[in-house]
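This report describes the fold, a helix pair and the ligand surroundings of one model.

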Amino acid sequence: MDCCNRNPVIELNSGTKLCRTHFCKYFEKKIMRTIRRFRLLEKKEHIAVALSGGKDSMSLLYALKNLLKRSRKISISAILIDEGIQGYRSKTGKRAAALCRKLKVPLHIFSFRKEFNTTLDRIISSRDSHPCTECGILRRYLLNKAARKFKATKLATGHNLDDEAQAILMNQLRRNTALQARLGPVTGVTTSRMFVPRIKPFYLMLEKEVALYAYINGLYDEYESCPYEHDSFRAVVRDKLNDIENSHQGAKNNIVASFLDILPLLHKRYAGKDIPTCRICGEPSSSDVCNACKLLGRIKHR
Ligand code: SF4
Ligand SMILES: [Zn+2]
Ligand SMILES: [Zn+2]
(Lines give C-alpha, C1' and ligand atoms only; values in the text may rest on other atoms or scores of the structure.)
(Ligands and ions follow the chains in the order given, each with its own letter.)
Protein backbone atom coordinates (compact mmCIF):
# COMPACT_ATOMS: atom_id res chain seq x y z
CA MET A 1 0.00 0.00 0.00
CA ASP A 2 1.45 3.35 -1.05
CA CYS A 3 1.15 6.26 1.32
CA CYS A 4 1.62 10.01 1.13
CA ASN A 5 3.80 9.59 4.26
CA ARG A 6 2.12 12.53 5.99
CA ASN A 7 1.65 12.02 9.75
CA PRO A 8 1.80 8.22 9.93
CA VAL A 9 -0.56 6.70 12.50
CA ILE A 10 0.67 3.11 12.37
CA GLU A 11 3.68 1.04 11.42
CA LEU A 12 2.63 -2.35 10.05
CA ASN A 13 4.59 -5.52 10.85
CA SER A 14 6.11 -5.21 7.37
CA GLY A 15 7.65 -1.85 8.40
CA THR A 16 5.31 0.20 6.15
CA LYS A 17 4.06 3.39 7.79
CA LEU A 18 0.56 4.65 6.92
CA CYS A 19 -1.35 7.88 7.43
CA ARG A 20 -5.03 7.87 8.54
CA THR A 21 -6.48 7.85 5.03
CA HIS A 22 -4.20 5.16 3.66
CA PHE A 23 -4.52 3.05 6.77
CA CYS A 24 -8.33 2.99 6.31
CA LYS A 25 -7.89 2.06 2.65
CA TYR A 26 -5.43 -0.70 3.60
CA PHE A 27 -7.82 -1.97 6.31
CA GLU A 28 -10.87 -2.10 4.04
CA LYS A 29 -8.91 -3.74 1.21
CA LYS A 30 -7.74 -6.38 3.65
CA ILE A 31 -11.36 -7.13 4.64
CA MET A 32 -12.30 -7.66 1.00
CA ARG A 33 -9.25 -9.88 0.49
CA THR A 34 -10.26 -11.93 3.53
CA ILE A 35 -13.83 -12.26 2.23
CA ARG A 36 -12.58 -13.45 -1.16
CA ARG A 37 -9.80 -15.72 0.14
CA PHE A 38 -12.07 -17.64 2.51
CA ARG A 39 -15.23 -17.29 0.38
CA LEU A 40 -17.13 -15.73 3.26
CA LEU A 41 -19.92 -14.27 1.12
CA GLU A 42 -21.95 -15.27 -1.93
CA LYS A 43 -23.44 -12.74 -4.32
CA LYS A 44 -26.78 -12.79 -2.52
CA GLU A 45 -26.75 -12.67 1.27
CA HIS A 46 -28.50 -11.31 4.30
CA ILE A 47 -25.74 -10.68 6.82
CA ALA A 48 -26.63 -10.39 10.49
CA VAL A 49 -23.81 -8.65 12.34
CA ALA A 50 -23.42 -9.68 15.98
CA LEU A 51 -23.17 -6.21 17.49
CA SER A 52 -22.01 -5.66 21.06
CA GLY A 53 -21.07 -1.97 21.00
CA GLY A 54 -17.36 -2.79 21.42
CA LYS A 55 -14.70 -1.65 18.95
CA ASP A 56 -14.62 -4.90 16.95
CA SER A 57 -18.30 -5.28 16.16
CA MET A 58 -18.81 -1.52 15.68
CA SER A 59 -15.95 -1.46 13.16
CA LEU A 60 -17.30 -4.56 11.45
CA LEU A 61 -20.77 -3.12 10.94
CA TYR A 62 -19.36 0.22 9.77
CA ALA A 63 -16.87 -1.34 7.34
CA LEU A 64 -19.29 -3.90 5.88
CA LYS A 65 -21.95 -1.27 5.37
CA ASN A 66 -19.43 0.94 3.64
CA LEU A 67 -17.86 -1.78 1.50
CA LEU A 68 -21.09 -3.45 0.42
CA LYS A 69 -23.24 -0.36 -0.12
CA ARG A 70 -23.30 -0.83 -3.88
CA SER A 71 -24.24 -4.46 -3.72
CA ARG A 72 -28.03 -4.55 -4.07
CA LYS A 73 -28.22 -8.27 -3.38
CA ILE A 74 -26.60 -8.03 0.04
CA SER A 75 -28.56 -6.72 3.00
CA ILE A 76 -27.26 -6.13 6.52
CA SER A 77 -28.95 -6.13 9.90
CA ALA A 78 -27.58 -6.26 13.44
CA ILE A 79 -28.32 -8.41 16.48
CA LEU A 80 -27.47 -7.28 19.99
CA ILE A 81 -27.56 -9.65 22.95
CA ASP A 82 -28.21 -8.09 26.34
CA GLU A 83 -26.71 -10.55 28.82
CA GLY A 84 -27.80 -8.56 31.85
CA ILE A 85 -24.48 -7.14 33.08
CA GLN A 86 -25.28 -4.11 35.17
CA GLY A 87 -23.54 -0.86 34.25
CA TYR A 88 -21.81 -2.39 31.21
CA ARG A 89 -24.32 -3.46 28.63
CA SER A 90 -26.48 -0.33 28.98
CA LYS A 91 -23.58 1.91 27.84
CA THR A 92 -22.36 -0.28 24.99
CA GLY A 93 -25.95 -1.00 23.92
CA LYS A 94 -26.68 2.72 23.53
CA ARG A 95 -23.58 3.18 21.40
CA ALA A 96 -24.56 0.23 19.19
CA ALA A 97 -28.11 1.54 18.74
CA ALA A 98 -26.80 5.00 17.78
CA LEU A 99 -24.57 3.51 15.07
CA CYS A 100 -27.44 1.46 13.66
CA ARG A 101 -29.60 4.58 13.46
CA LYS A 102 -26.81 6.47 11.72
CA LEU A 103 -26.16 3.69 9.19
CA LYS A 104 -29.89 2.88 8.81
CA VAL A 105 -29.32 -0.73 9.81
CA PRO A 106 -32.21 -2.60 11.50
CA LEU A 107 -31.24 -3.62 15.03
CA HIS A 108 -32.78 -6.62 16.82
CA ILE A 109 -32.22 -6.86 20.56
CA PHE A 110 -32.47 -10.14 22.49
CA SER A 111 -31.93 -10.50 26.21
CA PHE A 112 -31.04 -13.33 28.60
CA ARG A 113 -33.81 -12.00 30.84
CA LYS A 114 -36.52 -12.42 28.20
CA GLU A 115 -35.21 -15.66 26.65
CA PHE A 116 -33.88 -17.48 29.72
CA ASN A 117 -35.64 -15.66 32.54
CA THR A 118 -32.33 -14.78 34.19
CA THR A 119 -29.33 -12.45 33.80
CA LEU A 120 -25.61 -13.09 33.64
CA ASP A 121 -25.22 -11.17 36.91
CA ARG A 122 -27.59 -13.63 38.55
CA ILE A 123 -26.01 -16.69 36.92
CA ILE A 124 -22.52 -15.86 38.11
CA SER A 125 -23.54 -15.05 41.66
CA SER A 126 -23.08 -18.75 42.33
CA ARG A 127 -19.60 -19.75 43.53
CA ASP A 128 -19.00 -22.49 40.96
CA SER A 129 -19.71 -20.32 37.91
CA HIS A 130 -17.37 -19.48 34.99
CA PRO A 131 -18.68 -16.17 33.61
CA CYS A 132 -17.18 -16.19 30.12
CA THR A 133 -17.88 -19.87 29.47
CA GLU A 134 -21.49 -19.58 30.57
CA CYS A 135 -22.01 -16.24 28.87
CA GLY A 136 -20.47 -17.65 25.66
CA ILE A 137 -22.75 -20.70 25.60
CA LEU A 138 -25.91 -18.65 26.00
CA ARG A 139 -24.78 -15.87 23.63
CA ARG A 140 -23.90 -18.31 20.84
CA TYR A 141 -27.22 -20.09 21.30
CA LEU A 142 -29.24 -16.89 21.18
CA LEU A 143 -27.31 -15.37 18.29
CA ASN A 144 -28.01 -18.42 16.15
CA LYS A 145 -31.69 -18.45 17.07
CA ALA A 146 -32.01 -14.72 16.39
CA ALA A 147 -30.13 -14.89 13.07
CA ARG A 148 -32.35 -17.74 11.92
CA LYS A 149 -35.49 -15.89 13.01
CA PHE A 150 -34.59 -12.96 10.76
CA LYS A 151 -33.62 -15.28 7.89
CA ALA A 152 -29.96 -14.30 7.91
CA THR A 153 -27.80 -16.37 5.59
CA LYS A 154 -24.58 -15.47 7.46
CA LEU A 155 -23.86 -14.33 10.99
CA ALA A 156 -20.80 -12.04 10.98
CA THR A 157 -18.78 -11.62 14.16
CA GLY A 158 -16.01 -9.13 14.96
CA HIS A 159 -13.42 -11.76 15.96
CA ASN A 160 -9.98 -10.54 14.98
CA LEU A 161 -6.62 -12.26 14.56
CA ASP A 162 -5.71 -11.75 18.23
CA ASP A 163 -8.98 -13.43 19.31
CA GLU A 164 -8.33 -16.36 17.01
CA ALA A 165 -4.70 -16.81 18.14
CA GLN A 166 -5.90 -16.76 21.77
CA ALA A 167 -8.64 -19.32 21.07
CA ILE A 168 -6.18 -21.64 19.29
CA LEU A 169 -3.77 -21.52 22.24
CA MET A 170 -6.57 -21.94 24.81
CA ASN A 171 -7.81 -25.07 23.03
CA GLN A 172 -4.28 -26.46 22.86
CA LEU A 173 -3.61 -25.77 26.52
CA ARG A 174 -6.86 -27.57 27.40
CA ARG A 175 -6.47 -30.27 24.73
CA ASN A 176 -9.81 -29.35 23.18
CA THR A 177 -9.07 -30.71 19.72
CA ALA A 178 -12.73 -31.08 18.72
CA LEU A 179 -13.37 -27.43 19.60
CA GLN A 180 -10.25 -26.45 17.67
CA ALA A 181 -11.91 -27.85 14.54
CA ARG A 182 -14.76 -25.36 14.95
CA LEU A 183 -12.45 -22.35 14.72
CA GLY A 184 -11.40 -20.73 11.45
CA PRO A 185 -12.77 -17.92 9.27
CA VAL A 186 -16.06 -19.82 8.85
CA THR A 187 -17.13 -21.45 12.08
CA GLY A 188 -18.27 -25.05 12.30
CA VAL A 189 -17.53 -28.36 10.63
CA THR A 190 -21.03 -29.42 9.65
CA THR A 191 -23.93 -27.77 7.92
CA SER A 192 -27.52 -27.72 9.04
CA ARG A 193 -30.44 -25.57 8.00
CA MET A 194 -30.90 -24.83 11.73
CA PHE A 195 -27.41 -23.42 12.02
CA VAL A 196 -26.56 -20.03 10.46
CA PRO A 197 -22.91 -20.12 9.30
CA ARG A 198 -20.67 -17.70 11.20
CA ILE A 199 -18.10 -15.69 9.34
CA LYS A 200 -15.17 -13.64 10.62
CA PRO A 201 -14.27 -10.87 8.12
CA PHE A 202 -11.59 -9.56 10.57
CA TYR A 203 -9.87 -12.94 10.67
CA LEU A 204 -6.55 -11.49 9.48
CA MET A 205 -6.76 -8.14 11.31
CA LEU A 206 -4.66 -7.46 14.37
CA GLU A 207 -6.58 -6.08 17.33
CA LYS A 208 -4.53 -2.87 17.26
CA GLU A 209 -5.56 -2.34 13.62
CA VAL A 210 -9.25 -2.75 14.47
CA ALA A 211 -8.88 -0.38 17.44
CA LEU A 212 -7.23 2.25 15.24
CA TYR A 213 -9.91 1.93 12.54
CA ALA A 214 -12.62 2.35 15.21
CA TYR A 215 -10.86 5.39 16.67
CA ILE A 216 -10.26 7.11 13.30
CA ASN A 217 -13.90 6.65 12.30
CA GLY A 218 -15.24 7.92 15.60
CA LEU A 219 -16.89 4.59 16.45
CA TYR A 220 -15.46 4.18 19.87
CA ASP A 221 -14.37 6.84 22.31
CA GLU A 222 -14.33 5.20 25.69
CA TYR A 223 -13.16 1.73 26.65
CA GLU A 224 -15.51 -0.16 28.94
CA SER A 225 -14.46 -3.60 29.94
CA CYS A 226 -16.88 -6.26 31.06
CA PRO A 227 -16.56 -6.65 34.84
CA TYR A 228 -16.09 -10.43 34.43
CA GLU A 229 -13.38 -10.26 31.77
CA HIS A 230 -10.47 -10.35 34.22
CA ASP A 231 -11.53 -13.68 35.70
CA SER A 232 -11.23 -15.46 32.40
CA PHE A 233 -8.62 -17.89 31.09
CA ARG A 234 -8.69 -15.87 27.88
CA ALA A 235 -7.39 -12.81 29.73
CA VAL A 236 -4.39 -14.83 30.99
CA VAL A 237 -3.63 -16.18 27.50
CA ARG A 238 -4.12 -12.71 25.95
CA ASP A 239 -1.57 -11.09 28.28
CA LYS A 240 1.03 -13.84 27.72
CA LEU A 241 0.50 -13.69 23.98
CA ASN A 242 0.93 -9.91 23.94
CA ASP A 243 4.25 -10.36 25.79
CA ILE A 244 5.39 -12.92 23.22
CA GLU A 245 4.33 -10.66 20.32
CA ASN A 246 6.29 -7.76 21.84
CA SER A 247 9.48 -9.76 21.87
CA HIS A 248 8.78 -11.88 18.74
CA GLN A 249 6.91 -9.74 16.24
CA GLY A 250 4.63 -11.75 13.97
CA ALA A 251 3.98 -14.53 16.53
CA LYS A 252 0.19 -14.02 16.45
CA ASN A 253 0.16 -14.13 12.66
CA ASN A 254 2.23 -17.29 12.71
CA ILE A 255 -0.08 -19.05 15.19
CA VAL A 256 -3.08 -18.37 12.96
CA ALA A 257 -1.22 -19.17 9.71
CA SER A 258 0.01 -22.53 11.03
CA PHE A 259 -3.49 -23.28 12.33
CA LEU A 260 -4.90 -22.62 8.84
CA ASP A 261 -2.40 -25.17 7.47
CA ILE A 262 -3.90 -27.94 9.60
CA LEU A 263 -7.54 -26.81 9.61
CA PRO A 264 -8.53 -28.95 6.57
CA LEU A 265 -7.24 -32.03 8.43
CA LEU A 266 -9.21 -31.10 11.54
CA HIS A 267 -12.35 -30.60 9.44
CA LYS A 268 -11.89 -34.03 7.89
CA ARG A 269 -11.39 -35.65 11.27
CA TYR A 270 -14.38 -34.02 12.97
CA ALA A 271 -16.84 -33.55 10.12
CA GLY A 272 -20.24 -34.93 11.10
CA LYS A 273 -23.00 -35.96 8.74
CA ASP A 274 -25.79 -33.93 10.33
CA ILE A 275 -26.18 -31.80 13.39
CA PRO A 276 -28.84 -33.44 15.54
CA THR A 277 -31.29 -31.31 17.47
CA CYS A 278 -31.59 -30.89 21.22
CA ARG A 279 -34.44 -32.96 22.63
CA ILE A 280 -35.42 -30.14 25.00
CA CYS A 281 -35.35 -26.99 22.87
CA GLY A 282 -35.03 -28.31 19.32
CA GLU A 283 -31.97 -26.17 18.54
CA PRO A 284 -28.94 -27.73 16.76
CA SER A 285 -26.71 -29.61 19.16
CA SER A 286 -23.82 -32.06 18.93
CA SER A 287 -25.37 -34.16 21.70
CA ASP A 288 -28.82 -35.22 22.88
CA VAL A 289 -29.20 -32.08 25.01
CA CYS A 290 -27.57 -28.81 23.91
CA ASN A 291 -25.04 -26.95 26.07
CA ALA A 292 -27.50 -24.11 26.72
CA CYS A 293 -30.19 -26.47 28.07
CA LYS A 294 -27.56 -28.32 30.16
CA LEU A 295 -26.38 -25.02 31.59
CA LEU A 296 -29.91 -23.76 32.28
CA GLY A 297 -30.65 -27.07 34.00
CA ARG A 298 -27.56 -26.72 36.20
CA ILE A 299 -28.44 -23.12 37.07
CA LYS A 300 -31.89 -24.23 38.28
CA HIS A 301 -30.30 -26.68 40.70
CA ARG A 302 -27.64 -24.36 42.07
S1 SF4 B 1 -16.05 -10.78 28.94
FE2 SF4 B 1 -16.95 -12.80 29.34
S3 SF4 B 1 -18.73 -12.40 30.63
FE4 SF4 B 1 -18.14 -10.44 29.72
S5 SF4 B 1 -19.42 -10.25 27.86
FE6 SF4 B 1 -17.46 -11.21 27.24
S7 SF4 B 1 -17.82 -13.44 27.37
FE8 SF4 B 1 -19.49 -12.41 28.51
ZN1 LIG C 1 -0.92 8.39 3.20
ZN1 LIG D 1 -31.46 -27.20 24.06
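## Overall fold

The chain contains 12 helices and eight strands (DSSP runs numbered from the N terminus: H or I of at least four residues for helices, E of at least two for strands). Its radius of gyration is 19 Å, close to the 19 Å that the globule rule gives for 302 residues, so the chain is as compact as a globular protein of that length; the radius is taken over C-alpha atoms, and the rule is 2.2 Å times the number of residues to the power 0.38.

This is a predicted model, in which local features need pLDDT of at least 70 and side-chain atom pairs count only at pLDDT 80 or more, while totals for chains, interfaces and linings use all residues. Residues are numbered from 1 along each chain as its sequence is written, and chains are lettered from A and ligands numbered from 1 in the order in which they are written.

## Helix 2 and helix 3

The axes of helix 2 (residues 55-67) and helix 3 (residues 89-103) come within 11 Å and cross at roughly 5 degrees (lines fitted to C-alpha atoms over the stretch in contact, with angles from 0 to 180 degrees between N-to-C directions). Helix 2 is therefore roughly parallel to helix 3, a term for angles under 35 degrees.

Met 58, Leu 61, Tyr 62 and Lys 65 of helix 2 make the contact with Ala 96, Leu 99 and Leu 103 of helix 3 (C-beta atoms, placed from the backbone, within 7 Å).

## Ligand 1

Around ligand 1 lie Glu 83, Pro 131, Cys 132, Cys 135, Gly 136, Cys 226, Tyr 228, Glu 229 and Ser 232 (C-beta atom, placed from the backbone, within 6 Å).

Conventions:
Parallel < 35°, antiparallel > 145°, perpendicular 65-115°, else oblique. Contact = placed C-beta atoms within 7 Å.
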